[in-house]
Amino acid sequence: MSTGRDPGLQPERTRLAWRRTLLTVTLVTALAVRLASTGDPTGALIAGGAVLVWGALLVLCWPRGTGTGPARTGGRTLPLVMVGTVVLALLGVLLVLRGLW
């Protein structure tokens, strides 16, 4: 029995999880932009906010998803991704409410 730690495929699974997160955020942003593209200024603001959040999450997730290095945030990546996800969810709720008015 060996006493050393064998990471196995854990680094690859971690990279794939970050890639899935980034892909999901990209799809949600694309849907938000599509739903908000009615020419209404409110929709344009919501779409702009979604694109800004997507850009911030891209900067956060890319190094971890590609394995090119550690996150640049000093260990705050997960909370920042959580905040970005919540902001995207709130923007989605605003889009739905705007459609119901």
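Helices here are DSSP runs of H or I with at least four residues, strands are E runs of at least two, and both are numbered from the N terminus. With that in hand, the chain has three helices and zero strands, and reading along the sequence gives you α-α-α. Keep in mind that this is a predicted model, where local features need pLDDT of at least 70, side-chain atom pairs count only at pLDDT 80 or more, and totals for chains, interfaces and linings use all residues. Residues are numbered from 1 along each chain as its sequence is written, and side-chain values use heavy atoms, with hydrogens and water left out.

Let's start with the overall picture. Of the chain's 101 residues, 25% count as buried, where buried means under 20% relative accessible area, exposed means over 50%, and partly exposed lies in between (1.4 Å probe, protein chains only). The accessible surface is about 7,000 Å², with 70% of that belonging to carbon and sulfur atoms; these areas come from the Shrake-Rupley method with a 1.4 Å probe, and for residues only the protein chains shown count as cover. As for contacts (heavy atoms within 4.5 Å), take those between residues at least 6 apart in sequence: 69% of them join residues at least 24 apart.

Now for the inside. A nonpolar core is a set of buried Ala, Val, Leu, Ile, Met, Phe, Trp, Tyr and Cys residues joined through side-chain atoms within 4.5 Å. The largest one here has 16 residues, and Ala50, Leu57, Cys61, Val81, Leu88, Leu91 and Leu95 touch the most other members. H1, H2 (41–66) and H3 each supply at least two residues of this core, with the largest share, seven residues, coming from H2. Zoom in on Leu91: leaving aside residues up to four places away in sequence, Leu91 touches Ile46, Gly49 and Ala50.

Val33 counts as partly exposed because its relative accessibility is 31%.

Val87 has 31% relative accessibility, so it counts as partly exposed. Together with Met82, Val83, Val86 and Leu90, Val87 forms a nonpolar surface patch with about 420 Å² of accessible area. Patches are made of residues with over 30% relative accessible area and no salt bridge, joining like charges within 9 Å and nonpolar side chains (Val, Leu, Ile, Met, Phe, Trp, Tyr) within 5 Å. A salt bridge, in turn, is a side-chain nitrogen of Lys or Arg within 4 Å of a carboxyl oxygen of Asp or Glu.
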